[in-house]
Amino acid sequence: MRAKLLTILIAGCFGAGSAMAAEKSVEVVHWWTSGGEAAALQVLKDDMQKRGYTWKDSPVAGGGGDQARTVLRARVAAGNPPDAMQMLGFIITGYAEEGLLGDLSGVANKEGWDKVVPAPLQKFAKYKGHWVASPVNIHRTNWIWANKKIFDELKITPPKTFDELLAAADKLKKAGYIPLAHGGQPWQDATIFDSAVLSAGGPAFYQKAIIDMDKDALSSKTMEKAFEQMQKLHGLLDPNYPNRDWNLATAMVINGKAGMQIMGDWAKGEFLKAGKKPNVDFYCFQYPGTEGSFTFNADQFAMFKVGKEQETGQLTLASAIMDKNFQEAFNLAKGSIPARTDVANTKFDDCGKKSMADLKVAMGKNAMLGSFAHGHAVPEAVKGAMIDVVTNFFNKGGSPAEAAKQLAAAVKNAK
Ligand code: GAL
């Protein structure tokens, strides 16, 4: 008798409790745990709080998101997906194909997202014409971040060619600095490869080799040049680079231990968090040979079908993310630029203004290209196979010609 009473009581509470809690909280899985990432995410948490929702934070540490994607896959397999997940490119398409993502078109159409989100980004935010993700930003991966004080001390200006980059690195090494700060993780190696391919062959070649996966382009002399660049860059690293987190490599540039880092503009979030200013404490410039081109990586939040009681919170989150004021505030902290093209650049710093201007130009000439390293160029299985070739070559060396052949073979087998 007592046990039965207790159950009803608990059910009563839980029912009442969880219905109320469920309606007013949204659980979000993401990998934004570095100083700059967390500062930017706080803008969204505060925004949801103001809208009456508790943010249930489910961070999974690990830059680039590999660990978070593994956790997600396990939760989906266990039938316990989160309300919302930070997602990139083809990952969104994959979960949409499985029919697991909620349709955000109601909010998107009411708020006119079609008019302000660039088409190359809509390719991933929409599935069969339905909005399945809310884009929070546009990151760019073909950046180099440099310590301005060291550059000024050694009379180095931002290099315009790859040879100038090597000459600058030589000066840095001779002066006792680590020329290139890097974290030895496959996604970070692949992020450099985005730029090496673009530098070696230009936007049309990147499109043909990486996005169109053309086998001749993948094994071409031009691709060999990209691997040659990777090989020379590897020579600029310090011996402690293996498995270093990206933001620790950024800190080496911030603290004057290293001269440069090749990384997406989430690195700028770390400089800003440390109170540093562009063109005062640090330089931001395009990887030599990629000026005018734009390899993009856009963070988006997709909502899983977890039940009616969560939908209002999920749609509120989707709407909050695409809010014009939020897009400005978040991206000022994150280092990226808004996914919305109608946000003014007034409050953005020189790096942000350059990225927004270059995006417009790149969009005009088909040079807004999906980042290979961050899942906007090829589907996940192909990306994984290609990254294995790239990171193996980068860390173990070998012949660039052989690496290009292996890359073509990896794509052929994984497609
Ligand atoms: C990327 C993500 C960025 C950034 C980076 C480092 O995959 O899109 O927003 O935070 O990882 O963690």
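1. Helices here are DSSP runs of H or I with at least four residues, strands are runs of E with at least two, and both are numbered from the N terminus. With that in hand, Val 107 belongs to helix α5, which covers residues 105–111.

2. A word on what you're looking at: this is a predicted model, where local features need pLDDT of at least 70 and side-chain atom pairs count only at pLDDT 80 or more, while totals for chains, interfaces and linings use all residues. Residues are numbered from 1 along each chain as its sequence is written, and side-chain values use heavy atoms, with hydrogens and water left out.

3. Back to Val 107. Its relative accessible area is 10%, so it counts as buried (buried is under 20%, exposed over 50%, partly exposed in between, with a 1.4 Å probe and protein chains only). Between Val 107 and Ser 134 there are 10.0 Å in space, C-alpha to C-alpha, and the two are 27 residues apart in sequence.

4. Now the ligand. It is surrounded by 14 residues, and Trp 32, Glu 37, Asn 297, Asp 299 and Lys 334 are the closest (a residue is near if one of its heavy atoms lies within 4 Å). The shell splits into 6 nonpolar, 5 polar and 3 charged residues; Asp, Glu, Lys and Arg are the charged types, Ala, Val, Leu, Ile, Met, Phe, Trp, Tyr, Cys and Pro the nonpolar ones, and the others, Gly among them, are polar.

5. Have a look at the ligand's oxygen atoms. The side chain of Trp 32 has an N or O atom 3.0 Å from one, and a polar side-chain atom of Asn 297 is also placed 3.0 Å from a ligand oxygen. For His 139, the distance from a polar side-chain atom to an oxygen of the ligand is 3.5 Å. The protein buries 100% of the 310 Å² that the ligand exposes when taken alone (areas are by the Shrake-Rupley method with a 1.4 Å probe).

6. Lys 128 isn't a glycine, yet its phi is positive, about 50 degrees. Lys 128 sits in the loop between β4 (126–127) and β5 (130–131), and it is exposed because its relative accessibility is 69%.

7. The other one is Met 213, also not a glycine, with a positive phi near 55 degrees. Its loop runs between α10 (186–211) and α11 (215–218). Is Met 213 buried or exposed? Its relative accessibility is 14%, so Met 213 counts as buried.

Notes
A polar contact is a pair of N or O atoms within 3.5 Å; within protein, one must be able to donate a hydrogen and the other to accept it, and residues adjacent in sequence count only if both atoms are side-chain atoms.
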